[in-house]
Amino acid sequence: MDKRTHFDEKIFQDAVRFYGTVFNIPPLASKIYAYLLFDFQKKGITFDEFVEVFGASKSSVSTSLVLLLNAELIVDVNKIDERKRFFFINDDYKRIRFEKIVQKMQDELKLLDELDAFNKNNNVTYEEYNDRIIAYKDLLTKNIENIQESLNKL
């Protein structure tokens, strides 16, 4: 692999495995994402550089870039003095990712509230179940608050 962007092979491979699993993306997309992590100076990486570095077909690189763009994991920029597109990690993705997590937790809380209402309307009570659900809802609520507080600091 040509090393235009200076990086550590072990960290790169660890990042490929980690983000491939976390984002559920194919290997080449994961490699592209991991490679972009090493663009610390935010110069951007071009399409041609990805093709050269990974020795992949233009079609495969294009497909992976489209997938990453659609998932909002990366962004692309056309610089004024260049025809080429430059790709970057989407710095807003951390916020987007956690906003989605919060939304899922809020959706689950709503569902649990609906189940509670259904149980109460049908006189179904299981004390142990209710105690566990209350504890779980408290956990969800506290995590939502903590994440939202942290997001406000980003």
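**Notebook: a predicted chain, residue by residue**

I began with T46, and I found its place in strand β1, which covers residues 45–46. Helices and strands here are DSSP runs numbered from the N terminus, a helix (H or I) needing at least four residues and a strand (E) at least two. I noted before going further that this is a predicted model, in which local features need pLDDT of at least 70 and side-chain atom pairs count only at pLDDT 80 or more, while totals for chains, interfaces and linings use all residues. Residues are numbered from 1 along each chain as its sequence is written, and side-chain values use heavy atoms, with hydrogens and water left out.

Is T46 buried or exposed? I read a relative accessibility of 10%, so T46 counts as buried; buried means under 20% relative accessible area, exposed over 50%, and partly exposed in between, with a 1.4 Å probe and protein chains only. I then listed the contacts of T46 (heavy atoms within 4.5 Å), and, with neighbours within four places in sequence left aside, they are K84, R85, F86 and F87.

**Whole chain**

I counted six helices and three strands, and along the sequence they follow the pattern α-α-β-α-α-β-β-α-α. For the overall form I looked up the radius of gyration, which is 22 Å, whereas a compact globule of 154 residues would have one near 15 Å. That radius is taken over C-alpha atoms, and the globule rule is 2.2 Å times the number of residues to the power 0.38. Along the principal axes, the C-alpha atoms fill a box of roughly 65 × 30 × 25 Å.

I also noted that buried residues make up 34% of the 154 residues. Of the contacts with a separation of 6 or more, 57% are between residues 24 or more positions apart. The chain exposes about 10,500 Å², of which carbon and sulfur atoms supply 52%; these areas come from the Shrake-Rupley method with a 1.4 Å probe, and for residues only the protein chains shown count as cover.

**Helix α5**

I wrote down the buried residues of α5 as Y93, I96, V102, M105, L109, L112, D116 and N119. An α-helix has 3.6 residues a turn, so residues three or four places apart point the same way. Just after α5, I saw that N123 takes a positive phi of about 50 degrees.

**Two loop residues with positive phi**

I next checked K42, which is not a glycine and yet has a positive phi of about 55 degrees. K42 lies in the loop between α2 (27–37) and β1, and K42 is partly exposed, its relative accessible area being 38%. E72 lies in the loop between α4 (58–70) and β2 (74–78), and with a relative accessible area of 35% E72 is partly exposed.

Which residues does L68 contact, leaving aside neighbours within four places in sequence? L68 lies in helix α4 and counts as buried at 0% relative accessibility, and I listed its contacts as I25, A29, I32, Y33, L73 and I74. L68 and A29 are 39 residues apart in sequence, but their C-alpha atoms are 6.8 Å apart in space. S64 also lies in helix α4, and S64 is buried with a relative accessible area of 8%. With residues up to four places away in sequence not counted, I found that S64 touches L28, A29 and I32.

**A15 in helix α1**

My last entry is A15, whose place is in helix α1, residues 9–22. A15 is buried, with a relative accessible area of 9%, and A15 touches G20, S30, A34 and L37 when residues up to four places away in sequence are not counted. I also looked up A15 against L115, and these two are 100 residues apart in sequence and 40 Å apart in space, C-alpha to C-alpha.
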